[in-house]
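Subject: A structure for you to look through

Dear colleague,

Please find below the sequence and the structure that I promised to hand over. I would be glad if you kept them open while you read my notes, which follow directly after them.

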Amino acid sequence: MKMRLFWLPCLMFLFGTFCASCGSDDNEPTNEPGAGGTEVKGDYTATTVVKTVVLKSEWRWESPDIPVCYEDFNRKYGLSLCFGDLMVLPFIRQAGDWNKEIKVYSTGLQYNSFYVIMEDVGEVNNLSEVTKKLSPADNTYTNLLVYPDVQPKHGYAVAFRMENDELKHLRIFITDYTLSEDGSVATVTIQYQLY
């Protein structure tokens, strides 16, 4: 009887050690949402790490090549370069399909400031110097805004609405560019981060 009581605590200790060692450690990289520098909140996952991407001026808005900086079920925001403008394109899911919320006028490409707002904050040394936080308009009846021009070594502050109308902030920094044979902007290399 004394021998059985001796083994019971030993078995409990071994079982507890085994269970603890099989659990996941938050410092280990995994493919689960929330691991590796991502933010999980409610029904969306957004990166908080700095990403670098090259935007090409020949991409079409509907192209799958356009980098998506944020997506939930009903709203998506893509990064684009068009006619020398840096664009964060808002897409809204309607009838199951993605529709862009952007209008083309004779004065240029304009967007509704209810979904997204962008501002060139001027020349900066790096992405971390872009700290300005914007707020989109409170209604859909505001004036349409024009996208900012691409400028080397400039930072851009962006704010956009998620599907529950909560605000998300994005900062962008243009690190490099290339010109086409006719002198127009062909590509820009940007760093961006959701914060």
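Which residues does H169 touch, not counting residues up to four places away in sequence? The partners of H169 are K133, L134, V158, A159, Q193, L194 and Y195, where a contact means heavy atoms within 4.5 Å. H169 has its place in strand 13, which covers residues 167-179, and with a relative accessible area of 11% H169 is buried. Buried here means under 20% relative accessible area, while exposed means over 50% and partly exposed lies in between, all with a 1.4 Å probe and counting protein chains only.

Before going further, please keep in mind that this is a predicted model, in which local features need pLDDT of at least 70 and side-chain atom pairs count only at pLDDT 80 or more, whereas totals for chains, interfaces and linings use all residues. Residues are numbered from 1 along each chain as its sequence is written, and side-chain values use heavy atoms, with hydrogens and water left out.

The pLDDT, which is the predictor's confidence in each residue on a scale from 0 to 100, has a mean of 77 over the protein chain, and 64% of the residues reach 70 or more. Some care is needed with residues 24-35, where pLDDT stays under 50 and where the model has six contacts beyond four places in sequence.

As for the chain as a whole, its secondary structure comes to one helix and 14 strands; these are DSSP runs numbered from the N terminus, with helices (H or I) of at least four residues and strands (E) of at least two. The protein chain has 195 residues, of which 39% count as buried. Among the contacts with a separation of 6 or more, 58% are between residues 24 or more positions apart.

Strand 4 and strand 5 (residues 75-82) form a hairpin with three residues between them, and they pair over three bridges, with Y77 in strand 5 as the bridge partner of Y70. Strand 6 (residues 85-94) pairs with strand 7 over four bridges, and there R93 has W98 in strand 7 as its bridge partner.

What lies between these elements can be followed through the nonpolar core, a term for a set of buried Ala, Val, Leu, Ile, Met, Phe, Trp, Tyr and Cys residues joined through side-chain atoms within 4.5 Å. In soluble globular proteins, nonpolar side chains tend to be buried together. The largest nonpolar core here has 32 residues, and L79, V88, L170, I172 and I190 touch the most other members. Strand 6 gives the most to this core, with six residues. The contacts of L79 include V53, V88, L170, I172 and I190.

V53 lies in strand 3 (residues 51-56) and counts as buried at 16% relative accessibility; V53 and T189 are 136 residues apart in sequence and 5.8 Å apart in space, C-alpha to C-alpha. L86 lies in strand 6 and is buried, with a relative accessible area of 0%. The C-alpha atoms of L86 and P148 are separated by 6.0 Å, although these residues are 62 residues apart along the chain, and the contacts of L86 include M118, Y147, P148 and Y156.

With best wishes,
A colleague

Terms used: Pairing = 2+ DSSP bridges.
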